[in-house]
Amino acid sequence: MKKDIAIAGVGGQGNLFATNVLCQYAMARGMQVLGTETIGAAQRGGSVISHMRIADHPIYSPLIPQGGADVLLGMETLEMLRHLGLLNPQGFYIMNLYSVPTVYTNLGIDRYPSQEEIVAAARKVCPRGVEIPATYKAAELGSAQMTNVVMLGALCQLDEYFDGPEVEGLVERLSPESFKDKNLAGFRAGRELARAGDRA
Amino acid sequence: MGDLAITRGAVESGVKVAAGYPGTPATEILEGFVDYDQVHAEWSCNEKVALEVALGASLAGVRSMAVMKHNGTNVSTDIIMHLNFTGIKAGLVLISADDPGGLSSQNEEDSRILVHTYANLPVFDPSSAVEAKAMVKEAYRLSEETQLCFVLRPVMRVCHSRSVIDYEDLDQSLFKEAGWEDDRDRYIMSAVEVRELGGIKRPQARHRWLNAKYQELTELFEKSPFNWIEGGEGELGLIGCGIGYTYLKEAGLNFSRGYPILKLGTLPLPRRMVLDFLKGKKKVLVFEELEPVVENLIKQLALDNGLKLQVLGRSGFYSPDGELTVPLVTQAVRKLDPGLSLKKEFSPPKLDLQIPVRTRTQCVGCAHRALLYSLKRVARKKKAVVFGDIGCHDAGSFKPMELQSTIYCMGSSVPMATGAHFAGLQRPVISMMGDSTLFHLGLNGLVNAAYQKSNQVIVLGDNRTTAMTGFQPHAGSGVDIRGAESPRVDLEMLGRSLGIKVHSVDPYDLQGSYEVLLQAVEEEGVSLVIASKACFLQGSRQGEKFFEPTKLKVDQELCQGCMICINDFGCPALVYSTETEKVHIDELTCVQCGLCAEVCKLGAIS
């Protein structure tokens, strides 16, 4: 058994909480966990990619091989497109319908592809996937910072390896007291969005 | 995290003093020591200072660690080239983290060349976080056995890897009490005659000692748990060094056949083991980060032993720059063995879309952006050249702002501006530096500019922290690594003590900052402009209030799409729409600082 999850986003979107929850979940099952992320200079609005690998056998490289990701979480549309090559066509993706322009697209030097183009590209690579407005939902529930919890909820809805109620318990346990209720609401909203959007 | 595995390895080894300077990917190693009360942990002013602090502790009989990234190891070169000759007393391990691919660095380099090829120190190159921890513990044991400073060279993928790490109980007997014993034959590095060696000078005597140690290490590493051979038949052999080994193993999962593998984790190399491996091979291929260090050592070994085989690797067989990856390893092995078939072929999807690059910038709300905006107005008006330095403000040199004309290494901005001035440049010279960089190596340039009677403006973007690496405090923060109160350098007083003109501005006051900067450029001599404002990201997380939130909108009637707000200010919340050819504010990104309203000359933002 193995589960490779790639999370692509923009610096500051805070993938750390979601990664931590998934790590705890896998470790509680006695799984091997290995992963890596770009942090540091990349965190000031740059492109950020986290690799998370879970397996019941030894894992060597912290980087997911091209075409090896069972799940690609696109926290931002362009960053999802950038890392589509990681996605296994038999896996699935969750794309947050939220776009952050780049300096070059803002200056008109580069063109930011439309969300329709990005969705079409993603579907060409991998037939299964959902597009959800996670950031807008998070903002509606209190803070755009909760995007990662909404995405986590969507992941648990679509992937039966992750037991929804159990992960929800982890979200509750690992959230700081002041964010607990909001995070739980975000998690449930993510599940609901994914349930509605899943074409499979 | 790999970094924390290294910390834990050090604490389990009884380390009592740990010093470093922040630098991705090594930062979290030192931060990890804060969890252990028995350790004196410090963010030193720079890496050379950190290594000297660690050396002092070692000579006082206490195990110590110095933590830095490759650029910092460069800064430490002088002390490295002395402590290699003297040796150490209590175990001393230097962490020199490399960043192949330059994902979070100004350059990419292989610090094994400095610490091993140049300084002849023993180096461990970990393949994983788990091995890194084991290597740290072994390094302390061997450091005392051999009297040498050991170096651990983890790459970013080891530092920032996440995996399950076993913690062992702490053995309190390892935390030794300090004591001093003079050993002038070793600790006095000076050109003095050594009577016992017929009057040769001490540097030569200690060099002789180090060379003898090198032979001893070669022998020692034959039995090291970090080097091994994995079976397999054939005339082609694969060699994986450090993280290169893990990529090789990962790629191998997809190979239809196996190869003999030599896994290497030490320098110097275990020569007999390597020679055993080379026996009967026609070609071997070495995977290492980042330069052909091991490859060249093996070539030399083969030559010395009259072996006829090809040793291939970073020197040209595959990419001599950038990070190793599984596809790169796969491709190189296929080139070595064209008969190799893969269990699963994967070709990356062909997209008809161009994917725009994403460069970083300052955060929304950052005071640096405000300061850079005012500085750009002045630089443009006075046709000044701006020399940049390391820190979050360096992104002012990228598009769209393109203000600073140079970015080199820590503290280089001020001396370079001095040089340009004395070269006779008929334009004003300005340098832009951050506070942490000032205390690192910037101070020397500042003192020099004052002493040389230069004519230049030095702009200090003082956000009271080392922001770019994640808010590490420094001598201007007023707190130490544990958050306890510490003396704080008074920047204005410091500037005045140098006999230069000193101004202070509030960077959020755009017009006020502009006027002071303009005045400074018009002044004769050296002027220091201090723009103090806490890092917005850090401060707002701690509940600090920076401004009255002002909800702004761009009036779509008034906006003419002139792009001044994007070109000169460049806040990520300002978005240009190609459809409307106008700018709007992304409400989810905006922190309502209100500054862009001042930037728009048409009054379209209000």
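Residues are numbered from 1 along each chain as its sequence is written, while chains are lettered from A and ligands numbered from 1 in the order in which they are written. Because the model is predicted, local features need pLDDT of at least 70 and side-chain atom pairs count only at pLDDT 80 or more, whereas totals for chains, interfaces and linings use all residues.

Read from the N terminus on, the elements follow the order β-α-β-β-β-α-β-α-α-β-α-α-α-α. The C-alpha trace of chain A spans about 50 × 40 × 40 Å along its principal axes. Its radius of gyration is 16 Å, which agrees with the value near 16 Å for a compact globule of 200 residues; the radius is taken over C-alpha atoms, and the globule rule is 2.2 Å times the number of residues to the power 0.38.

Chain B is assigned domain 1 (2–164 + 190–222), domain 2 (228–336), domain 3 (367–541) and domain 4 (547–606), with bounds that come from an automatic or database domain assignment. Between the C-alpha centres of domain 2 and domain 3 of chain B lie 47 Å.

In chain B, six strands form an open sheet with parallel pairing, in the order E17-E16-E18-E19-E21-E20; two strands pair if DSSP finds at least two bridges between them. Strand E17 (404–406) and strand E20 (501–505) of chain B stand at the edges with a single partner strand each, so one side of each has no neighbour in the sheet. Strands E19 (456–462) and E21 (526–532) of chain B are joined by seven bridges, and B:Val457 has B:Ser527 in E21(B) as its bridge partner. Helix H15 (367–382) of chain B lies across E16, E18, E19 and E21 of chain B, at about 165 degrees to E19(B). Helix H17 (435–451) of chain B lies across E18, E19 and E21 of chain B and runs at about 150 degrees to E18(B). For these angles, axes are lines fitted to C-alpha atoms, for helices over the stretch in contact, and values run from 0 to 180 degrees between N-to-C directions.

Turning to the interface, 44 residues of chain B are in contact with 49 residues of chain A, contact meaning that C-beta atoms, placed from the backbone, lie within 7 Å. The elements of chain B that give two or more residues to this side are strand E7 (161–163), helix H11 (243–252), helix H14 (326–336) and strand E22 (574–577). H11(B) gives the most, with four residues. Strand E2 (32–37) of chain A pairs with E7(B) in the antiparallel sense over three bridges, and A:Gly35 stands opposite B:Arg162.

Note on methods
Two residues are in contact if their C-beta atoms, placed from the backbone, lie within 7 Å.
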